[in-house]
Each structure stands twice: as C-alpha cells, then as structure tokens.
Amino acid sequence: MTNVATPTVLTRGDPASPPRHRRVATTLGGAVAVVGLALAFLTALGIDRLFAQRVGEGLALLALVVALRWASAEALDAWYSRLGARARQHWRGRVLAFFLVPRASASSPVQIADAIDTIVDEPRLAVVRASAQASILALVVVFVTGGWQALSLVVVLLAVAVPLYQRAGTRAAALDIEYRERRTRLGERQLELLTHAPELRGLGAVHYGAREIAALSASEHHVALRAIRTALGSSLVTEFLGGVSVGLVAMDVGFGLLNAHLSLLRALLCVLATSEFFSHVRRYGVEFHRREAIDAARERLVVPERLEVSTAEVLVSEAVVTLANPQPISLVLRRGDRVAVLGASGIGKTTLAHTWLGWRAAQAGQVRRTDEAIAYVSADTALIPGTLGENLRLGLDVADGVVLELLSALGLSSAHFDDVNFPVSADGEGFSSGERVRILIARALLHQPRLLILDDVAGLLDERARSAIADVLTHRD
C-alpha cells in the first residue's frame with residue numbers, strides 16, 4: 001500500500017551515504033589533514049638537509065614526499081570512484097520506483113538522473129569538510145614555529161577570506177541551480193520532441209523542433225559559461241588571498257631568520273603549514289556550494305512509505321482530493337467489485353484515476369492499493385515496437401494459443417491477429433483505434449491484474465467490440 005502523505009527518504013542506510021561511509025569519510029578527512037602536515041614537515045626537513053649540504057638525504061626526503069602525495073591522491077580517487085560507482089548503480093537500479101509512486105512535486109527523468117549524479121559526490125564533500133576542520137591543527141604548528149605574529153597574520157587573512165568564500169559559494173550555487181534548470185528543460189524538451197517526432201515529420205515541422213532545441217542548448221551553454229567565469233574569478237580571489245597569507249608569513253619568519261630567532265627548519269615548517277592550511281580552506285570553499293546541491297538531490301531521491309492492506313481490499317480512497325477537483329472521494333474496492341466513475345468532460349475523472357494509481361500526488365486524503373498487478377488502459381496508452389506477441393506478453397511465458405484465443409474472444413479476428421509475430425509499431429500503425437484499445441486490454445488481461453482501470457475508451461469501440469470485452473470480463477474473477 002502507498003501512503004501519499006508521508007514520504008520516507010531512501011538514502012537512509014543506502015550505499016549513497018550510509019552512516020559507516022560517513023564515518024569513513026570523516027576519518028579520511030582528518031587523516032588527509034594530518035598527512036598533509038606530516039608531508040609539510042618532511043618537505044621542510046628535506047629542504048633543510050639540502051641547505052646543510054646533505055644533498056642525498058634531502059633529495060630522498062623530497063622524493064618520498066612526492067611519492068606519498070601521489071599515492072595518497074590515487075588512493076583517495078580510487079575510493080571516490082569505487083563508492084561513487086556503487087552508489088550510482090544502486091540508485092539507477094531503483095530509478096523506476098521514482099515514477100511509480102505519487103510525490104508532492106513530480107520529478108522528471110532528467111531531474112532524477114541529475115540527482116543521482118549529484119548524490120554520488122557526497123563522500124567527497126564529507127572528506128573535504130572534515131579535512132578543512134582538521135586543518136586547524138596547522139594553526140597550532142604555525143604558532144609553535146612562527147609565534148603569535150605569524151598566527152595573527154593567518155587568522156586575519158582567514159577572516160577576510162571567509163566572506164569572500166561564502167559570496168563565491170552563494171553565486172556558484174545560484175548559477176548551479178540555474179544551469180541544472182536549463183539542462184533539465186533541455187532534456188525534457190528533447191524527450192517531448194522525440195516522442196512527437198512522427199507528427200512533426202508528417203507536418204514538415206522538424207525544423208521547428210531543431211530550432212527550439214538549438215535555442216535551449218545555447219541558453220544552457222550561456223549559463224555554463226557564466227558559471228565558469230564565476231568559478232575562475234572566485235579562484236583568482238582565493239588564490240590571491242592564499243598567496244598573500246603565505247607571503248606575509250614568509251616575510252615574518254624571514255625577519256626571524258635574519259635576527260637568528262628562528263632556525264631554517266622552523267621557518268620552512270611555518271610557511272608550509274600556512275600553505276597547507278589555506279589549501280584545505282580553499283578546497284572547501286570551492287566545494288561549499290555542492291552542499292546545497294547534494295541536499296536538493298537527497299530530497300528528490302525519496303519515495304512514499306509502503307503500508308499494509310487487507311487482502312480483501314484492492315483499492316481504498318480515503319477522502320482523496322485531486323488536483324482537478326476539490327470534492328473529496330472516498331471509496332473501497334474489493335475483489336470482484338465493478339465501479340463506474342461518471343461525470344462531465346473535464347471534471348477530473350482521469351486525474352482521479354492517476355491519483356489512485358499513484359501517478360499523481362493527492363492534494364489531501366490517502367490512497368492505499370494492492371501490491372498485486374494493476375492494469376490501466378486509456379486512449380493514450382502506448383504500444384511497444386516489436387511483434388504482436390512481444391507487445392502482449394511483455395516477458396510472460398504464455399503459449400501462442402492462449403494469446404490468440406484471448407484476441408479472438410475480444411473480437412480481434414482479422415488477418416493481423418492470426419500471427420503473434422505480426423509487427424507492431426509504437427503508434428499502432430495498421431490498426432484501428434478500437435483494435436489498438438482491445439490489444440491493450442488483451443495485454444492487461446494476460447498479466448492477470450487484480451485491478452483493471454479502463455479510462456474513457458468506450459467511445460473508441462463499437463457495440464460489438466464493447467459486448468465482446470464485457471463478455472471476457474464477466475468470465476474473469
């Protein structure tokens with residue numbers, strides 16, 4: 001059963017960001033900061049050895065630093081890739097669930113795909129955040145090696161940098177939202193135009209679709225270029241502040257060296273620790289706007305909670321209000337019940353059916369329905385390119401004789417329906433509207449649905465066809 005009012009977040013405990021991986025990411029972030037400081041110390045020690053004419057030892061230490069930085073970066077990238085691949089596979093395996101349940105605000109396939117690609121970056125952001133927090137240790141090193149003056153320079157410049165990071169992150173987040181909206185609009189419009197390609201081709205209006213796609217694509221590229229310019233500008237500012245901070249600290253410890261208050265090793269370590277600290281802060285500043293994007297992606301990747309239902313009930317509509325009609329509808333369908341929903345055109349019959357099925361979210365009330373197969377046939381229901389048998393079976397193991405017998409019982413007795421290998425196109429070319437509807441009903445009945453909804457198809461059928469369908473349904477439980 002489906003409760004349309006209370007969503008539950010699927011990310012909880014899922015491979016995208018389970019608690020264990022969050023703990024691992026936090027631990028890795030702290031380790032990255034500590035390893036960075038350790039490598040800064042080894043770098044300072046290597047340079048100090050070179051100035052002391054111990055060239056072999058100094059070069060060995062610097063080579064070790066390069067090797068360790070490369071190995072740690074490769075290990076992190078491998079972890080990101082492995083975890084991201086698992087999360088992407090997990091969410092793509094569940095993608096169908098997002099379109100089979102009602103949601104307060106429907107998400108398009110393009111938006112869901114974008115959310116999946118975004119959520120896989122959550123572990124990376126967690127590592128960057130943790131490393132930025134742990135890099136506070138570098139300030140202790142700066143104080144111990146360079147004194148309060150060096151520490152004051154770093155703290156003051158950090159205070160100046162934080163508002164700039166926030167401003168850059170806000171602008172980047174706004175442009176990211178705009179870019180994703182443009183990209184979603186482009187993807188959705190491409191799908192719509194592809195769906196209607198036969199009609200556009202028939203009307204000679206293919207160029208209309210091409211021009212619209214070109215305009216949307218140009219708009220998307222324009223926003224992307226603005227985002228790139230913003231990112232470059234922000235990077236220049238942050239790099240400038242980081243460079244200034246390192247330069248001022250280097251100047252301060254340089255005076256200490258001249259006055260013999262500091263050793264070369266302490267001075268080098270103070271400068272390198274400052275550089276290490278700002279590198280983590282810059283990295284988090286660049287990634288800061290991703291937090292909003294990841295939160296938005298997590299909100300999209302939700303499905304309503306499943307509830308239990310009585311085995312005797314097929315559909316329960318409890319004071320359901322739809323988008324098309326404010327009148328609450330209460331109904332209990334049990335096995336064997338037959339119900340007709342009547343009303344003038346435009347009153348909301350189709351919207352009510354879609355709400356019962358879970359394709360639309362109820363504005364108020366609650367819908368519960370069976371977990372067994374549910375079939376829905378309307379004038380807009382599509383066929384699938386392939387053979388007649390493939391269209392009807394949809395993977396079921398049903399004998400040809402059973403398929404042909406059902407078609408005959410529904411009054412489909414022309415030459416097209418004597419061969420299950422007869423080709424079928426998506427638009428039902430070669431079949432009348434009444435024949436296409438009966439093919440769809442046959443497909444529904446072959447899957448033995450617990451609930452069958454026929455939405456305004458009687459007008460496409462003559463009296464003989466309606467009688468045949470009624471006879472078939474009468475003999476089914």
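**Note on the predicted model**

1. The protein has 14 helices and nine strands, taken as DSSP runs (helices H or I, at least four residues; strands E, at least two) numbered from the N terminus. This is a predicted model, in which local features need pLDDT of at least 70, side-chain atom pairs count only at pLDDT 80 or more, and totals for chains, interfaces and linings use all residues. Residues are numbered from 1 along each chain as its sequence is written, and side-chain values use heavy atoms, with hydrogens and water left out.

2. Of the 477 residues, 42% are buried, meaning under 20% relative accessible area (1.4 Å probe, protein chains only).

3. Strand β6 (residues 374-378) pairs with β9 in the parallel sense over five bridges; pairing requires at least two DSSP bridges between the strands. Opposite Leu 452 in β9 stands Ala 375.

4. In β9 (residues 451-455), Leu 451, Ile 453 and Asp 455 form the covered face, while Leu 452 and Leu 454 form the uncovered one. In a regular strand the side chains alternate between the two faces of the sheet.

5. Helix α13 (residues 433-446) and helix α14 (residues 463-474) have axes that come within 12 Å and cross at roughly 5°. The axes are lines fitted to C-alpha atoms over the stretch in contact, with angles from 0 to 180 degrees between N-to-C directions. The two helices are therefore roughly parallel, a label for angles under 35 degrees.

6. The contact (heavy atoms within 4.5 Å) is made by Arg 438, Ile 441 and Leu 445 of α13 with Ala 465, Ile 469, Val 472 and Leu 473 of α14. These residues divide into six nonpolar, no polar and one charged.

Definitions and conventions: Buried < 20%, exposed > 50% of the residue type's maximum accessible area, 1.4 Å probe, protein only. Parallel < 35°, antiparallel > 145°, perpendicular 65-115°, else oblique. Nonpolar A, V, L, I, M, F, W, Y, C, P; charged D, E, K, R; others polar.
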